[in-house]
Amino acid sequence: DPGAIGRSGLQEKAVVLDIAKHLKRNLEKRGIKVLLTRTKDEFVSLEKRTEITSQSNANLFVSIHANASPHRGAKGLEIFYLRELGWDEKNDRQIKENQRHLFNQYAMEQNSPALENILFDMMYIYKRAESEKLARYLTQKTPGVVRTHNRGSKSSGFFVLRNTLIPAVLVEVGFLSNPQEEKLLKTQWYRQKIADSLAENILEYASR
């Protein structure tokens, strides 16, 4: 799945993987362990991405994307965090499956619905609060560093935000449908700049 495609043929999948690899190298230099959901040009389903996260003992999930719009003038960076979920969404099959993977790793009474519900509610409240804090923090800092339009932080029900169990944000680094931003996103220096800014701000957030 190439994702969004710019007028010159630049594909989202290549842009975001490159940014993710730069981000990984930057964070690992600071002593942070990083796991990518993919390391090469391959398709990883949304379900698999959340499964990998649930089995990784990670503290934070960052999903990197490049945007597109029918309006060529649309531009800038925006970051999404999880909106409030309804009862049906909280009991989605994928969430329950990921919850099972995660709770199997804990030293706790297994197959206890009451205990699992308490833990899930605690994690959900923590996840939403921290995800919103991180999204707002990143949008305060990152757009200014990379000198792009700040589209702000927004709540959403994207699959990877709904079905991960830890704080999670989805970063849209720019619009491939905008000729100027596509041109920038083609360059290594701009991708590196985005990754470096995200790394700095993630680390600063974590140290607060």
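**Salt bridges and their setting**

Modeller: The side chains of D18 and R191 form a salt bridge, with an N to O distance of 3.3 Å. This pair joins distant parts of the chain, since D18 belongs to helix 1 (residues 12-29) and R191 to helix 8 (residues 188-206), 173 residues apart. Both D18 and R191 are buried. The model is a predicted one, and in total it holds 12 salt bridges.

A second pair lies within helix 1. There the side chains of E28 and K24 meet in a salt bridge at 2.7 Å, N to O. E28 and K24 are 4 residues apart in helix 1, so about one helical turn separates them. E28 has a relative accessible area of 36% and is therefore partly exposed, as buried means under 20% and exposed over 50%. K24 has a relative accessibility of 22%, so K24 also counts as partly exposed.

At 45% relative accessibility, E84 is partly exposed.

Salt bridges also connect E78, R151 and K154 in a network.

The protein has 8 helices and 4 strands, which follow one another along the sequence in the pattern α-α-β-β-α-α-α-β-α-β-α-α. The radius of gyration is 17 Å, close to the 17 Å given by the globule rule for 208 residues, so the protein is as compact as a globular protein of that length. The C-alpha trace spans about 55 × 35 × 30 Å along its principal axes.

Of the contacts with a separation of 6 or more, 77% are between residues 24 or more positions apart. As for burial, 48% of the 208 residues count as buried; D18 and R191 are both buried residues. The protein exposes about 11,000 Å², and carbon and sulfur atoms supply 51% of that area.

Finally, the charges overall: there are 33 positive and 25 negative side chains, and the centres of the two sets lie 7 Å apart.

Notes
Residues are numbered from 1 along each chain as its sequence is written. This is a predicted model: local features need pLDDT of at least 70, side-chain atom pairs count only at pLDDT 80 or more; totals for chains, interfaces and linings use all residues. Side-chain values use heavy atoms; hydrogens and water are left out. A salt bridge is a side-chain nitrogen of Lys or Arg within 4 Å of a carboxyl oxygen of Asp or Glu. Helices (H or I, at least four residues) and strands (E, at least two) are DSSP runs, numbered from the N terminus. Buried means under 20% relative accessible area, exposed over 50%, partly exposed in between (1.4 Å probe, protein chains only). The radius of gyration is taken over C-alpha atoms; the globule rule is 2.2 Å times the number of residues to the power 0.38. Contact means heavy atoms within 4.5 Å. Accessible areas come from the Shrake-Rupley method with a 1.4 Å probe; for residues, only the protein chains shown count as cover. Lys and Arg count as positive and Asp and Glu as negative; His and the chain ends are not counted. The place of a charge is taken as NZ of Lys, CZ of Arg, CG of Asp or CD of Glu.
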